[in-house]
Amino acid sequence: MARIKIFDTTLRDGEQSPGVTLNNREKREIARQLARLGVDVIEAGFPVASEGDFESVRQIAAASGEENPNVVVAGLARAHRGDIERAAAALEGATKPRIHTFIATSPIHMDKKLALEPAQVVERAVEAVKLAKSFVDDVEFSAEDAGRSDPAFLAEIFAATVAAGATTINVPDTVGYMTPWEYGRLIEGLFEAVPQLRDVDVSTHCHDDLGFAVANSLAGVKAGATQVECTINGIGERAGNASLEEIVMALETRKDVWGHETNIQTRELYRTSRLVSMMTGMVVPPNKAVVGDNAFAHESGIHQDGVIKAIETYEIMSAETVGRDAGVLVMGKHSGRRAFRKSLEDLGYATLPDDEVDHLFKEFKDLCDRKTSVTSDDIRALVDSETTRVPETFKLTSVQFQSGTGVTPVATVRMEVRGEALEEAAVGDGPVDAIYHAIERLTGMHLRLESYEIRSVGHGKDALGEVSVRARHEDRVVHARGLSTDVVEASAKAYVEVMNKLAAGLGRGAGDPHPSASVDAVEATQA
Ligand code: KIV
Ligand code: ZN
């Protein structure tokens, strides 16, 4: 059975999602989890876009052999010398480096954005592939906006770039315009017109503007594509990219249709989805296929009756296959540190350093005092918080509030501010608002709350509450999360975490180049 390569672009195209701000440490954590998940290629970023992007690609490349020696690390580069040299430098430490270079091929992009004739575009593409090839063996060429390009022109540029040494040819539906049958036919036609494509990997890269990203990618596979580009939870520019977990589970569940397998450890899918959601602040809708909270929930009596009699009546894949063993009681308040470490290992966290395990164990004990049962989901949520922890310039000691119908909400917050114990009280529109005012007084930082989301981890009345906030301080935007059995306390923790991230210089500033913005800006100046 032929294997389809999974090319994950969560850290590049996914990071271009509006409002997403990942710092280097978060990117490294996601990359590590992607390697554990078993993706074939991690597109780590766009090194020329900014110093931060360069540095995170460099660090991910340098660490790439540790988690999975077979994983390829790719860096994006426009078809320009500077971009390619920068990508090559960032990828130097990778065990398996790939330069991914691209140029637009649709009439509208060539004319309006690049102001280049088709022949000049082919020339640039060939030069770019040859230059990339002088640094690495593994070179991918993408025809941006292939979905709206002339198929005959695509055939010409692909034949030329394969001859120049490209080892993967990518056919992006950049604006999510195509239907599955058109996309499948495009790939088939390219194989007919350019038989040399059989000697390289042909890749799909579909955006979701009309909701076809996954269907188009799978139509491409049916037509002979051997690589799929996708992101965790389908995040990405505008409506996003094809969702990795949906592609993988479709190939897995319907082997009878596609006849392919992947390298993906499907049991890592749920955890990866949670990690990306938590770090990007992009909440997964409950009805999202495979990883949404309701994806395996049976609500109607008829369905419940069916699954009790035979699970296959209403389930085409099992929750366990995608790593959803939520609700399993892992440990209790009498468990010791050694047993705790063992259960972390069982959940896949074998390499956490001792100081992080110590801190987690303390949090776990606190949780045991507040919850009747601690599940694997709770432990995962604690570990995810631990991996994004930053130095505590501000430390929340306690929150108290009074609120109710006809009562002006008032909150008292105690904190350690740079080591000094302080207390403040404030009123607000509600308990969270009052607490946020008190925290602002204590820290002297005034933020604009851009988004506030709340979800429960697990089920039942004593489920953990997870609050995710995005806030702006002057020109910087930061996302953070707080976890507690009490949602008001979780709200306070999330806000304090935002302050700590700001104090640590994290977040994205208005002046920082954004990958997508800089692509357009540089190409516009060249046009
Ligand atoms: O959507 C697109 O065309 C891209 C390319 C850079 C591959 O992301
Ligand atoms: Zn894209």
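The shell around ligand 1 divides into two nonpolar, six polar and three charged residues. In that count, Ala, Val, Leu, Ile, Met, Phe, Trp, Tyr, Cys and Pro are nonpolar, Asp, Glu, Lys and Arg are charged, and the others, Gly among them, are polar. This is a predicted model, where local features need pLDDT of at least 70 and side-chain atom pairs count only at pLDDT 80 or more, while totals for chains, interfaces and linings use all residues. Residues are numbered from 1 along each chain as its sequence is written, chains are lettered from A and ligands numbered from 1 in the order in which they are written, and side-chain values use heavy atoms, with hydrogens and water left out.

Which residues surround ligand 1? They are Arg12, Asp13, His100, Phe102, Ser142, Glu144, Asn170, Pro172, Thr174, His205 and His207; to be near, a residue must have a heavy atom within 4 Å of the molecule.

Now the polar contacts, meaning pairs of N or O atoms within 3.5 Å. For Thr174, a polar side-chain atom is 2.6 Å from an oxygen atom of the ligand. For Arg12, a side-chain N or O atom is 2.9 Å from a ligand oxygen. For His205, the distance from a polar side-chain atom to an oxygen of ligand 1 is 3.1 Å. Of the 260 Å² of accessible area that ligand 1 has on its own, the protein covers 95% (Shrake-Rupley method, 1.4 Å probe). Strand 5 (97-104), strand 6 (138-144) and strand 7 (168-173) each give two or more residues to this shell. Strands are DSSP runs of E with at least two residues, and helices are runs of H or I with at least four, numbered from the N terminus.

How many bridges join strand 13 to strand 14? There are nine, and Ser398 has Arg414 as its bridge partner in strand 14. These two strands form a hairpin with two residues between them, and Gly406 in the turn has a positive phi of about 75 degrees. Strand 14 (residues 407-417) pairs with strand 15 over eight bridges; Val413 is partnered with Glu424 in strand 15.

Technical notes
Two strands pair if DSSP finds at least two bridges between them. A polar contact is a pair of N or O atoms within 3.5 Å; within protein, one must be able to donate a hydrogen and the other to accept it, and residues adjacent in sequence count only if both atoms are side-chain atoms.
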